[in-house]
Amino acid sequence: MRFRKLIPFFVLLWTGIICSPGMIFAQQISHTYDSLASKVLKLINDHRTEMALKPLVMVKQITSAASVHSLNMATGKVPFGHKGFDERMDHLKDKLKPVNSFAENVAFGASTADEVVDLWLTSPGHRQNIEGDFDLTGIGIVKSKDGDLYYTQIFLRKGN
């Protein structure tokens, strides 16, 4: 069995990412996994519907931020986890304001949408994010040179 890791992270603060050339690179890489990200979103939204929660809407700017983080983890620029979370959220808050809350799930090693969603749903912190009071999301998936897929899902709730 392959080793799998996942870490939930949730914050109910206004907390970004600094735009860089890597962001454009991550957008190009993530297109390879758009279909996989769509499957993850469908499974997440199916679960949310079963829980009587409104479905999440995928947003390009959030997906871009998630893709950059997945790329940074996959290339070893940052360790697996949530390093840079506050900067990612500050950037998204600035681009998508007003914003009330954020959360983030990360994982690596899962090879299918079913597998990563099952991993997240069996983890209380990840499940809390998936079932949280959010309306927007972005999912970034990048493959490392070792062949592991790195997943980042960012959750966001727009304010009034």
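**Salt bridges and exposure**

Student: Why is D46 called partly exposed?

Tutor: Buried means under 20% relative accessible area, exposed over 50%, and partly exposed in between (1.4 Å probe, protein chains only). D46 has 32% relative accessibility, so D46 counts as partly exposed. This is a predicted model, where local features need pLDDT of at least 70, side-chain atom pairs count only at pLDDT 80 or more, and totals for chains, interfaces and linings use all residues. Residues are numbered from 1 along each chain as its sequence is written, and side-chain values use heavy atoms, with hydrogens and water left out.

Student: What makes K42 and D46 a salt bridge?

Tutor: The term requires a side-chain nitrogen of Lys or Arg within 4 Å of a carboxyl oxygen of Asp or Glu. The closest N and O atoms of K42 and D46 are 2.8 Å apart, so the pair meets the rule.

Student: Where do K42 and D46 lie?

Tutor: Both are in helix α2 (residues 34-50), four residues apart, about one turn of the helix. Helices (H or I, at least four residues) are DSSP runs, numbered from the N terminus.

Student: How do you know that K97 is exposed?

Tutor: The relative accessible area of K97 is 55%, so K97 is called exposed. K97 forms a salt bridge with D94 at 3.6 Å, N to O. D94 has a relative accessible area of 47% and is therefore partly exposed.

Student: How many salt bridges are there by this rule?

Tutor: The count is five. Among them is the pair R127 and E131, at 2.9 Å, N to O.

Conventions:
Helix = DSSP H or I, 4+ residues; strand = E, 2+ residues; numbered from the N terminus.
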